Amino acid sequence: MLVPHAQGVPIFNRLYIHIPFCIEKCRYCAFVSTPPEAGELLEYPELLLRELQLRTSHNEPVDSFYFGGGTPSLLQPEQVARLLGEITKRPDAEITLEANPGTVDLSSLRAFRSSGINRISLGIQSFDDGFLRGLGRIHSAGQSRQAFADIREAGFDNVSIDLIHSLPNQSLDQWRLELHHAIALGPEHISIYGLTVEEGTPFALTYPPNSPELADEDLSADMFELADELLTAAGFEHYEIANYARPGFRSQHNSGYWHRDGYLGLGVAAHSFLRDGYGVRFSNPDNLEEYRREVTSGELVRVGEQRMMRDDAMAEYLFLGLRLSEGISPPAFEQEFGQSLASVYGSVIDELVRFELLTQTESSLSLTRRGMLLSNQVFGKFLL
Ligand code: SF4
């Protein structure tokens, strides 16, 4: 299945596996995840193995492998090892497992390390027990610190943590304290998200639009800028709108998304992007019952398949590439699409540069810090 397409790019070189289970649903969460029913944690990895066999029949090595969720650390390390054993990987492949505090201990982490996992992404979200309770997280800040210590003790030297800002009633000083705690913990990578209240979640009922408890745009922008200031001063590179890394520790897997590398997604609700023509996007069914039916019958369906046209691919190249601090390279754009960036988007780029949302040199086009704050408006300008 892994065959080069016309321009010599592999159809996919990255694998994502979605684990749609969590012990409890967090109050703000709109991801595809539910508490597992009896037997599902045993059954699901078998379905994944079957899907893997159905979708791949190649021995080409992948560059990265990512277990996301949900809570992938609810899987047994032996199950993870079996899945990893089915895939040929480059010797230096990045293999990440998302873990939640309260679901791992030193023994399970050692076993995950032995299974081949070499990077952990730990869902800390906040170091404040009050905020954690408000979010409906199952763990305390103390459990997060213990999990991080256990991760180190188990031998992981590449660890990312997630934090959320703009929580209900959170002040700028409280956010500053969160950042200090994160820096003191000493991870190699930090992902930072502003809270968004998603429709259909308990949070949306508690906090309807314009609730006074929610951060307004100015406070959210201040929080974004404070993170940039404190984390870069502490030696992190702000390499993507929401991501910071110590030198040498950028997420390889996620960087692949922003570079439009092909990836195959396995499991309930997993998305795939194949580098076939200008690109093909599709996903798996978003409920376990339907996914089970398809995998066991051997008839996989591509939900919402979209075969991209050249214009879509060019716009996406910009949306994704501009998320990175180094931005995009106009010569690389021309090589990919056979047309210069200026000839397609020249007037839009000039306008955004005038408004100091983009900065341009001969070899790069990137967002300014203000452009990062207003990234959605910037990206909207590139829709032809
Ligand atoms: S742990 Fe993550 S995926 Fe699971 S319910 Fe909470 S936010 Fe959602």
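Which strand does His165 lie in? Select residues 159-165 and you have the answer: strand β5. (Strands are DSSP runs of E, at least two residues, and helices are runs of H or I, at least four, both numbered from the N terminus.) A word on ground rules: this is a predicted model, in which local features need pLDDT of at least 70 and side-chain atom pairs count only at pLDDT 80 or more, while totals for chains, interfaces and linings use all residues. Residues are numbered from 1 along each chain as its sequence is written, and side-chain values use heavy atoms, with hydrogens and water left out.

Stay on His165 and show its surface. Its relative accessibility is 5%, so His165 counts as buried (under 20% relative accessible area; exposed is over 50%, partly exposed in between, with a 1.4 Å probe and protein chains only). Next, select what touches His165, skipping neighbours within four places in sequence: Gln170, Trp175, Ile192, Tyr193, Gly194, Leu195, Ser220, Met223 and Phe224 are in contact with this residue. Contact here means heavy atoms within 4.5 Å.

Now zoom out to the whole chain. The C-alpha atoms fill a box of roughly 60 × 50 × 40 Å along the principal axes. Of the 384 residues, 52% are buried. Among contacts with a separation of 6 or more, 69% are between residues 24 or more positions apart.

Colour by domain next: select 14-257 for domain 1 and 311-384 for domain 2. Those bounds come from an automatic or database domain assignment. The C-alpha centres of the two domains lie 29 Å apart. Look at where they meet: ten residues of domain 1 are in contact with eleven residues of domain 2.

For the last stop, go to Phe382, in the segment after α15 (375-380). Is Phe382 buried or exposed? Its relative accessible area is 0%, so Phe382 is buried. Which residues does Phe382 touch, not counting those up to four places away in sequence? Select Ala315, Leu318, Phe319, Leu322, Tyr345, Val348, Ile349, Leu352 and Leu358 to see them. Finish by drawing a distance from Phe382 to Tyr345: they are 37 residues apart along the chain, yet their C-alpha atoms are separated by 7.3 Å.
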